[in-house]
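Me: I would like to see where the labels in a structure description come from. Can we go through them one by one?

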Amino acid sequence: SSHLSAQSSTALGHPEVGKEAAMALTGKLCMILTLQAIRTSLTAVVGTDGATPCLCAFDIDRTLTGYQDIGAPECPGNKVIPGVKDYAYLYASPPGYGNLTLSLLLQQLNSTFCSKCFVGLASAGGASLDDEKAVLVERLKAAIAPSAAALLPATWVTTIDSSEQTQGPPPFVVWCQDKTKHECTRTIVEWYQAKNVSIASSDVYFFDDKAENILAFEGSGYNAQQISCATRDGSRGCCGGRPEEVQERQGVH
């Protein structure tokens with residue numbers, strides 16, 4: 001402020017010089033404000049690699065995971081994680097759970113276009129216990145850019161009573177009812193928006209093994225694709241998704 005006062009004092013004594021100084025000062029201020037505006041805008045819209053930001057949101061059971069304890073030859077490439085319980089779809093079967101089994105998609109997610117995107121989850125189930133959640137978070141973070149991984153929660157712990165099945169918070173939304181995953185995906189987009197990451201609807205991609213969940217995305221403005229199509233267990237997937245199924249395609253497929 002003392003520097004500006006000195007310039008103003010000089011300007012009072014020399015009108016022409018003062019006019020030029022004032023114009024120069026105004027120009028500098030304008031440039032500073034413009035640069036600040038550009039910096040703010042870029043922070044809000046630039047993605048992990050300098051490109052327009054995108055979001056890949058996934059179902060969990062039979063999408064990022066496969067049928068428990070089934071590997072080759074039925075599900076070649078799937079990886080069984082001994083000691084990590086996965087209760088999905090086995091509640092009524094003794095012992096009520098199996099070992100968490102990772103689909104080839106989750107293991108090779110970094111080979112898909114989603115490696116350059118932000119990520120989230122929208123699952124109809126509860127993602128079982130904390131040890132399964134820890135594996136999922138670790139794998140997701142390893143597959144994306146460090147700047148995108150840094151935005152995700154450091155840990156993911158069970159805070160919801162599974163008997164209540166209350167929808168969980170983004171970006172890892174559990175107990176999201178089937179046919180409503182487009183709405184849960186919207187909460188993930190809003191979560192990133194609150195962190196100054198603006199993702200256009202056309203740059204949002206959702207992947208699920210169930211056709212009913214994909215069809216519900218019609219009219220949402222988001223892109224959605226059914227995967228885990230090669231192996232089926234009734235209306236759901238069996239071995240889970242494969243990396244070649246994850247395509248950067250517009251529309252609902």
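This is a predicted model: local features need pLDDT of at least 70, side-chain atom pairs count only at pLDDT 80 or more; totals for chains, interfaces and linings use all residues.

Me: What makes C54 and C117 a disulfide?

Reply: A disulfide is a pair of cysteine sulfur atoms within 2.5 Å. The S to S distance of C54 and C117 is 1.9 Å, so the pair meets the definition. The structure holds four disulfides.

Me: Why is the pair of C54 and C117 said to tie together parts that are apart in sequence?

Reply: C54 lies in the loop between α2 (15–45) and β1 (55–58), and C117 in the loop between α3 (104–107) and β4 (118–122), so the joined parts are 63 residues apart in sequence. Helices (H or I, at least four residues) and strands (E, at least two) are DSSP runs, numbered from the N terminus.

Me: Why is the disulfide of C56 and C114 called left-handed?

Reply: The torsion about its S-S bond is about -80°, so the link of C56 and C114 is left-handed. The sulfur atoms of C56 and C114 are 2.0 Å apart. C56 sits in strand β1 and C114 in the loop between α3 and β4, 58 residues apart.

Me: How do you know whether C75 is buried or exposed?

Reply: Buried means under 20% relative accessible area, exposed over 50%, and partly exposed in between (1.4 Å probe, protein chains only). C75 has 1%, so C75 is buried. Its disulfide partner is C239. C239 has 9%, so C239 is buried too.

Me: What is C229 called, and why?

Reply: C229 has a relative accessible area of 40%, so C229 is partly exposed.

Me: Which residues touch the most other members of the largest nonpolar core?

Reply: They are F58, W156, Y192 and F207, in a core of 54 residues. A nonpolar core is a set of buried Ala, Val, Leu, Ile, Met, Phe, Trp, Tyr and Cys residues joined through side-chain atoms within 4.5 Å.

Definitions and conventions
Residues are numbered from 1 along each chain as its sequence is written. Side-chain values use heavy atoms; hydrogens and water are left out.
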